[in-house]
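Q: Could you take me through how to read the contacts between two chains, using the model below as the case?
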Amino acid sequence: MTTRLVEGSAVVAEAMVRAGCRFFAGYPMTPFTEVLEHMAESLPRVDGVCINAESELEAVGMVWGAAAAGARAATGSTGQGLSLMQESIAEAAMAGIGFVVLNMARGQGDYFQATRGGGHGDYRTPVLAPSGPAEVTELVADAFELAERWRNPVVVVGDYYMAHTWVDLDVAAAVPDPPPAPDWALDGSSGGTGSAKLVSPLGTTKQRDGVGYDLAAHYDHCAQRRQAMTEGIAPRAECLHTDDADVVLVAYGTMARYAEAVVTACRTEGLRLGLVRPITLWPYPSEIVAEACAETKVVAVYENNAGQMIDDVNLALLGAAPVVGINGFRTDSSAFGIAPDVTVENLTASVQALFEQYG
Amino acid sequence: MTPPESSPDGPAPEVAETVVRGTVVIDIEACKGCDLCIEACKPDVLRMTTDERNTRGYRYPQLLPGCTGCRACADVCPDFCFQVWRYDTPKTWTEAGGLA
Amino acid sequence: MNRRNNDELRVIATEHAPDDANQVADFTPGLIDVGEHHLCPGCGEPIAIRAVMDAIALLGLADTCIAVFGIGCSTAFSNNLDVEVLQALHGRAPSVATGVARVHPGLAVFTIQGDGDMANEGLQEVLHAAARGENIVCIMLNNGVFGETGGHLTVTTTIGQRTKNTLDGRTAAEHGHPMRIAELLAQIDGVGYVARGAVNDAGNVARTKRMVVEAFTAQQAGLGLSFVEILTMCPTGWFVPTDEAPDYLASTLAGTHGVGVLRSALEPA
């Protein structure tokens with residue numbers, strides 16, 4: 001094994017290539033840009049394609065085509081760029097086209113965009129939130145499996161901290177070949193056979209007279225597929241010292257790494273603090289959160305936004321325990337997602353206040 | 001090549017010599033009465049019905065002697081109502097006329 | 001006007017095929033599985049799509065092509081073709097086709113869109129696909145209106161043309177100027193073939209089919225993006241009776257959007 005010190009963006013890119021991604025399209029935007037750079041550099045080496053799209057709107061369009069043609073495909077941006085992609089993400093869920101959408105976010109203000117979806121109609125997308133480089137590799141691979149298994153876009157959430165934290169990465173391991181194309185994918189060959197393949201957000205059912213599309217039938221079909229996906233994906237979360245915790249923190253991604261440090265420090269001083277770290281933001285690990293907080297005096301949702309995941313925690317607990325938010329952190333002047341107030345010291349202070357109030 | 005008008009007592013003599021090189025099968029139920037075939041027909045032997053309508057209420061084209069099988073009607077028909085045939089050997093008016 | 005209104009002329013029965021003749025044309029072309037569709041009487045789009053499918057059959061590309069449809073009246077056909085189809089969102093077809101073509105470089109990947117879909121919603125898509133020289137054929141059915149919504153202004157609507165939102169005719173002062181898409185694309189280096197056809201009469205249909213054959217030939221030879229704009233009739237959107245639409249196309253639409261081959265990297269035959 002030969003490791004090299006690389007930035008987090010390279011870990012993300014390498015994880016995608018190892019997961020079989022052979023088509024990537026994107027538009028530069030901080031802090032996503034470096035992932036695009038790494039994909040542009042590494043995909044050609046494995047006969048893959050990386051296109052610098054003229055806008056995010058076209059990038060996700062290209063991924064539509066590549067995924068429908070049987071390639072494992074992905075796109076990405078930061079929150080703003082993903083706003084431009086929402087129509088295509090929503091309709092891809094209706095068309096049964098799976099691909100990975102990476103949000104290298106600026107802070108965590110895109111939680112609702114990712115978990116509720118910024119598109120139209122009754123669609124959902126699984127959302128995975130890695131918290132460190134090792135987990136990036138694992139969850140990116142999971143994302144491609146889920147996208148292919150459920151024929152639905154899957155969102156992976158990263159951020160500026162992840163992008164620019166340098167870590168060692170094994171660069172020697174051989175890159176596995178991508179899996180074969182799924183049988184529904186298009187390759188032209190069924191043309192002229194009387195049953196040529198069709199991939200469409202309007203479905204494939206014809207109207208009674210054999211013409212056009214029967215959208216009623218299609219939406220029923222989509223509802224069943226969405227229900228099966230919702231029930232078929234096991235929600236995941238990591239619990240740390242929650243069995244006997246008086247105060248439980250709930251945090252994901254980078255914020256969870258700060259929370260982890262504070263939990264460890266508090267425990268050494270005898271403060272019974274716990275952490276629940278959601279890994280799937282959709283389907284949300286409500287039961288795990290409810291169970292972890294069953295005995296606690298207060299639950300504090302620690303997030304780098306004005307308070308979004310706190311809604312899901314309240315839904316999970318339904319009043320079983322008081323829920324407070326530790327959020328609303330000022331960004332730095334670049335607003336690329338660095339929050340100077342997000343520190344172990346500040347969180348420790350907030351937690352101690354909670355112990356005094358609820359302890 | 002346009003057959004001249006015929007007189008009340010049957011096709012004018014020179015009409016009888018009209019050569020008919022082809023014919024069409026018309027799916028009158030598919031027709032939406034748009035008239036495009038009428039204008040496109042080079043020998044001008046298609047004529048829209050006036051009273052007869054298909055089950056959807058549209059008038060539809062009828063064929064008169066003089067078809068050359070040139071497929072212009074099929075090429076311009078938005079509703080794919082024409083199947084075009086060319087006779088192995090051209091027929092005369094009466095032979096064509098007698099094809100009812 | 002039809003000069004055949006003399007009632008004595010014998011109407012020939014047309015229910016059954018003759019048995020002493022060879023078939024020259026069938027109802028529905030082989031690569032369209034159902035001829036039925038719900039497009040308006042006199043619509044030019046089925047004629048154009050038939051010309052495209054005939055060209056694909058002619059070139060033997062049925063099992064090595066993938067169609068990417070835009071959203072518009074022609075979407076009615078995307079579930080009725082016997083070639084593989086990927087339905088794209090409004091305006092996105094050239095980008096979607098880019099993804100398909102990059103994954104299957106050898107295939108004849110082509111888009112079918114309306115002028116509203118390509119020139120309004122997705123102009124950036126086709127311009128950049130052309131600039132990248134993507135190995136695809138883009139077909140734009142241009143009727144100068146958004147047909148599916150009943151006939152509204154698009155960027156190719158001509159000056160003076162009445163639409164549902166230019167009831168007194170388009171004026172430059174109020175609604176801006178039309179854009180000539182074929183000309184726009186002809187000046188982009190990544191294209192290998194650009195032409196504009198029309199389906200308002202049998203001659204133009206045949207001419208358009210030749211253009212489509214040339215477009216696919218150029219694409220298969222890897223000469224860059226091929227573009228064929230096909231002027232089609234939209235009597236509903238034009239407030240014009242169906243039998244007057246072909247002449248209206250010639251005078252109004254084709255007056256601004258001239259028919260012809262604008263650019264070709266193919267060696268002259």
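Q: How many salt bridges count between chain A and chain C?
A: A salt bridge is a side-chain nitrogen of Lys or Arg within 4 Å of a carboxyl oxygen of Asp or Glu, and in this predicted model the count between chain A and chain C is two. In a salt bridge between chain C and chain A, the side chains of C:Arg132 and A:Glu54 meet at 2.9 Å, N to O.

Q: Which values apply to a predicted model, and how are residues and chains labelled?
A: Local features need pLDDT of at least 70 and side-chain atom pairs count only at pLDDT 80 or more, while totals for chains, interfaces and linings use all residues; side-chain values use heavy atoms, with hydrogens and water left out. Residues are numbered from 1 along each chain as its sequence is written, and chains are lettered from A and ligands numbered from 1 in the order in which they are written.

Q: What area do chain A and chain C bury between them?
A: The size of an interface is often given as the accessible area lost when the parts come together. With buried area taken as the accessible area (1.4 Å probe) that two parts lose on being put together, summed over both, chain A and chain C bury about 3,100 Å², of which 60% is on carbon and sulfur atoms.

Q: How many residues of each chain are in contact?
A: With contact meaning heavy atoms within 4.5 Å, 45 residues of chain A touch 39 residues of chain C.
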